[in-house]
Amino acid sequence: MHQTVLLYLACILAGFALANIPTSSVITAGIATFFQIIGGIAVIVFSLTILYLGVKTLLDK
């Protein structure tokens, strides 16, 4: 289970990386906005998953 939580933490970091991609000649403003939305959704989903696992672990004991 600890490996799963570490994987979820890595996914949260990847979501933050997607949300903070700077615009350049390759990545336009529209693509950057799309990546910000996807990154935000990833951060929210995996954060809620980690919170769920934490609460589930606390209530099992």
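Start by selecting Asn 20, which sits in the loop between α1 and α2 (helices here are DSSP runs of H or I with at least four residues, strands are E runs of at least two, and both are numbered from the N terminus). Asn 20 has 60% relative accessibility, so it counts as exposed (exposed means over 50% relative accessible area, buried under 20%, and partly exposed in between, with a 1.4 Å probe and protein chains only). Before you click on, note that this is a predicted model, where local features need pLDDT of at least 70, side-chain atom pairs count only at pLDDT 80 or more, and totals for chains, interfaces and linings use all residues. Residues are numbered from 1 along each chain as its sequence is written, and side-chain values use heavy atoms, with hydrogens and water left out.

Asn 20 and Gly 39 are 19 residues apart in sequence, yet their C-alpha atoms are 8.4 Å apart in space.

Stay in the loop and pick Pro 22, which also lies between α1 and α2. Is Pro 22 buried or exposed? Pro 22 counts as exposed, because its relative accessibility is 61%. Draw a C-alpha to C-alpha distance from Pro 22 to Ala 32 and you get 7.1 Å, for a pair ten residues apart in sequence.

Next, select residues 29-60, which form helix α2. α2 has 32 residues and reaches 47 Å from its first C-alpha to its last, close to the 46 Å expected at 1.5 Å a residue (the expected span is 1.5 Å times one less than the number of residues). Which residues of α2 are buried? Color Ala 32, Gly 39, Ala 42, Val 43 and Leu 53. Then show α1 (2-19), which is part of what covers them.

Zoom in on Val 43, in helix α2. Val 43 counts as buried because its relative accessible area is 14%. Leaving out residues up to four places away in sequence, Val 43 touches Ile 12, Gly 15 and Phe 16 (contact means heavy atoms within 4.5 Å).

Turn to Ile 38, another residue of α2. Ile 38 counts as partly exposed, because its relative accessibility is 35%. An α-helix has 3.6 residues a turn, so residues three or four places apart point the same way.

Finally, zoom out to the whole protein. There are two helices and zero strands. The radius of gyration is 15 Å, well over the 10 Å that the globule rule gives for 61 residues, so the protein is more spread out than a compact globule (the radius is taken over C-alpha atoms, and the rule is 2.2 Å times the number of residues to the power 0.38). Along the principal axes, the C-alpha atoms fill a box of roughly 55 × 15 × 10 Å. Buried residues make up 13% of the 61.
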